[in-house]
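Morning, everyone. I have one structure to walk through today. Please have a look at it first.

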Amino acid sequence: MFKIAQHPKAFLTLKRNVKRGLAVRTQILSILEKRECNAKKISQETGLSYKTVLYHLHLLEAENILNRSGRRAYFWHLTGAGQQRLMGGKEARRSIRRGTVHT
C-alpha cells in the first residue's frame with residue numbers, strides 16, 4: 001500500500017490517513033518512543049513547523065495514543081492504547097471506545 005514503512009501507531013481511526021500525515025506522525029512517534037519530549041523540541045529535531053507538530057500531537061492524543069503531562073510546554077509521552085489497538089481483540093476496541101486503557 002505505502003512504499004515507506006510507517007509506524008503502526010501512526011494510523012488513525014478518526015481521520016483519513018494520507019501519506020504525508022502518516023510520514024509526519026511516524027517521525028513524531030519515533031522521537032517519543034525514545035523519550036518524553038515537548039512540541040518545540042520535536043519540531044527542532046524533525047525540521048517540521050511547530051504548528052504541524054502540534055496538530056499531529058493533538059490528533060494522536062484524540063486517539064489515546066499520546067498523553068501530555070506537566071504545565072504549559074507540555075511533555076508528550078506514549079500510552080499503551082496503540083499497542084492494544086494493534087492486537088485487534090474485541091476487548092481492546094471496547095476499552096479504546098470507552099477511553100479506559102490498561103497499560
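**A short tour of the chain**

The protein chain has 5 helices and 2 strands. The order is α-α-α-β-β-α-α. The chain holds 103 residues, and 37% of them count as buried.

This is a predicted model. How confident is the predictor, then? The average pLDDT over the protein chain is 77. Of the residues, 74% score at least 70.

Which elements sit at the two ends of that scale? Helix H2, residues 39-46, has the highest mean pLDDT among the elements, at 93. Helix H5, residues 90-98, has the lowest, at 48. Where pLDDT is low, the predicted coordinates should not be read in detail.

Now to the core. The largest nonpolar core has 19 residues. Which of them have the most contacts inside it? They are Ile28, Leu32, Ile42, Val53, Leu57 and Leu66. Three helices each supply at least two residues of this core: H1 (19-34), H2 and H3 (50-62). H1 gives the most, with 6 residues. As a general point, nonpolar side chains in soluble globular proteins tend to be buried together.

Take Val53 as a way in. Leave out residues up to four places away in sequence. Val53 then touches Ile28, Ala39, Ile42, Ser43, Thr46 and Leu48. Two of those partners, Ile28 and Ile42, are themselves on the list of core residues with the most contacts.

Next, how the helices pack. Begin with H2 and H3. Their axes are 9 Å apart, and the angle is about 120°. H2 and H3 are therefore oblique to each other. The crossing of H2 past H3 is right-handed. From H2, the contact uses Ala39, Lys40, Ile42, Ser43 and Thr46. From H3, Tyr50, Val53, Leu54 and Leu57 take part.

Then H1 and H2. Here the angle is about 115°, with the axes 10 Å apart. H1 also passes H2 in a right-handed crossing. On the H1 side, the contact is made by Gln27, Ile28, Ile31 and Leu32. On the H2 side, Ile42, Glu45 and Thr46 make it.

Stay with Gln27 for a moment. Gln27 lies in helix H1.

Ala10 and Gln27 are 17 residues apart along the chain, yet their C-alpha atoms are separated by 9.2 Å. Where is Phe11? It sits in the segment before H1. Phe11 counts as partly exposed, at 30% relative accessibility. Its C-alpha atom is separated by 9.1 Å from that of Thr26, 15 residues away along the chain.

One last number, for the chain as a whole. Residues 24 or more positions apart account for 41% of them.

That is the tour. Questions, please.

Technical notes
Residues are numbered from 1 along each chain as its sequence is written. This is a predicted model: local features need pLDDT of at least 70, side-chain atom pairs count only at pLDDT 80 or more; totals for chains, interfaces and linings use all residues. Side-chain values use heavy atoms; hydrogens and water are left out. pLDDT is the predictor's confidence in each residue, from 0 to 100. Helices (H or I, at least four residues) and strands (E, at least two) are DSSP runs, numbered from the N terminus. A nonpolar core is a set of buried Ala, Val, Leu, Ile, Met, Phe, Trp, Tyr and Cys residues joined through side-chain atoms within 4.5 Å. Buried means under 20% relative accessible area, exposed over 50%, partly exposed in between (1.4 Å probe, protein chains only). Contact means heavy atoms within 4.5 Å. Axes are lines fitted to C-alpha atoms, for helices over the stretch in contact, and angles run from 0 to 180 degrees between N-to-C directions. Angles under 35 degrees count as roughly parallel, over 145 as roughly antiparallel, 65 to 115 as roughly perpendicular and the rest as oblique. A crossing is left-handed if the near helix is turned anticlockwise from the far one by less than a right angle, and right-handed if clockwise.
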